[in-house]
Amino acid sequence: MLLIGPPGTGKSMLAKRLATILPPLTLNEALETTKIHSIMGLLAPGQALITQRPFRAPHHTASDAGLLGGNINPTPGEISLAHHGVLFMDELPEFKRNVLETLRQPLEEGRVTISRAAGTVTFPSQFMLVAAMNPTPDGKMPHESKSSPREIQSHLGRISGPLLDRIDLHVEVPQVKFREISGDRTGETSAQIRERVIAARKIQQKRFAHKPKITCNARLGPKELKEFCALEEETKELLKNAMSELHFSARAYDRILKVARTIADLAGAEKILSEHVSEAVQYRSLDRQLWT
């Protein structure tokens with residue numbers, strides 16, 4: 001997920017709250033996470049097992065070795081410490097380009113391979129990436145910014161197309177109006193949202209019961225997409241038009257299907273409907289170049 005909005009709109013707060021609505025760790029996930037943190041000496045005294053999903057937030061000055069893992073004898077980096085949890089990268093365009101590009105393999109494969117003179121080591125890295133960025137160099141929305149279109153494009157261009165393709169959701173976070181801050185109206189609690197998430201995850205666990213390597217929709221491969229994300233003709237035509245008019249890539253197509261399947265699961269729908277695909281398409285705003 002990529003959160004795009006001006007400073008002060010709550011992007012970092014939203015990212016930190018995300019871990020509170022995720023389903024609890026399964027026993028296998030807890031064991032894997034505990035092993036990685038134990039290697040790094042990060043377990044608290046007397047702690048036998050990690051029961052909360054990790055939340056890691058490396059600074060934008062982090063090196064590729066700090067993110068992936070490194071040293072003479074390779075040790076896990078931030079992306080492996082976020083295994084089964086959340087990796088939050090604030091001010092995404094401020095990270096070095098080579099550091100950002102190292103994310104591509106882990107996001108695609110769920111693991112990272114490090115080669116050193118002492119040998120080659122593979123660490124697991126099935127994390128949820130949450131990134132945040134300002135929409136323009138001066139932090140304002142494009143229609144309010146004093147930056148030129150070229151400067152805005154250069155700012156956005158610091159995130160490469162291949163990396164952007166691998167991010168499922170581009171979420172615009174606008175300024176919160178005063179009446180919304182000062183009003184009495186409250187939204188859903190994290191506990192209520194979490195119940196919906198757990199229910200959707202149970203649907204997925206039942207769906208993939210005969211495929212132990214797939215734990216959720218995000219892990220679907222090309223073959224499984226055809227099996228579990230089949231579309232009716234009307235919905236297929238909608239997606240075809242979106243792909244053609246908005247120039248989505250083949251990888252974006254896969255991501256849209258996975259997101260639409262998840263939206264349907266959250267709604268308790270057995271089939272992926274047009275409304276689910278339409279919502280998933282809306283989360284590709286940077287692909288559509290709306291900012292220029």
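**Is glutamate 224 buried or exposed?** In this predicted model, glutamate 224 has 16% relative accessibility. Buried means under 20%, so glutamate 224 counts as buried.

**Close-up 1. Glutamate 224 and its contacts**. Glutamate 224 sits in helix 11, which covers residues 222–228. Leaving aside residues up to four places away in sequence, glutamate 224 touches Lys211, Ile214 and Cys229.

**Close-up 2. Helix 13, from residue 250 to residue 266**. Helix 13 has 17 residues. From its first C-alpha to its last, helix 13 reaches 25 Å. That is close to the 24 Å expected at 1.5 Å a residue. Glycine 268 follows helix 13, and its phi is positive, near 75°.

**Close-up 3. The buried residues of helix 13 and their cover**. Among the buried residues of helix 13 are Ala252, Ile256, Leu257, Val259, Ala260, Ile263 and Ala264. Arg255, Lys258, Arg261 and Asp265 are buried too. What covers the buried residues includes helix 6 (104–109), helix 8 (161–165) and helix 10 (190–207). Helix 11, helix 12 (233–246) and helix 14 (274–282) also belong to this cover.

**Close-up 4. The second largest pocket**. This pocket has a volume of about 510 Å³. Its lining counts 23 residues. Thr26, Asn28, Glu29, Pro212 and Thr215 lie nearest the centre of the pocket. Helix 2 (27–39) and helix 10 are the elements that give two or more residues to the lining. Helix 10 gives the most, with 5 residues. By class, the lining has 8 nonpolar, 8 polar and 7 charged residues.

Key: Residues are numbered from 1 along each chain as its sequence is written. This is a predicted model: local features need pLDDT of at least 70, side-chain atom pairs count only at pLDDT 80 or more; totals for chains, interfaces and linings use all residues. Side-chain values use heavy atoms; hydrogens and water are left out. Helices (H or I, at least four residues) and strands (E, at least two) are DSSP runs, numbered from the N terminus. Buried means under 20% relative accessible area, exposed over 50%, partly exposed in between (1.4 Å probe, protein chains only). Contact means heavy atoms within 4.5 Å. The expected span of a helix is 1.5 Å times one less than its number of residues. On a 1 Å grid over the protein atoms alone, a cavity is a set of points where a 1.4 Å probe fits but cannot get out, and a pocket is an open set with protein on both sides within 12 Å along at least five of seven lines; lining residues have an atom within 4 Å of a point. Grid points are joined across faces, edges and corners, and a volume is the space filled by probe spheres set on the points. Ala, Val, Leu, Ile, Met, Phe, Trp, Tyr, Cys and Pro count as nonpolar, Asp, Glu, Lys and Arg as charged, and the others, Gly among them, as polar.
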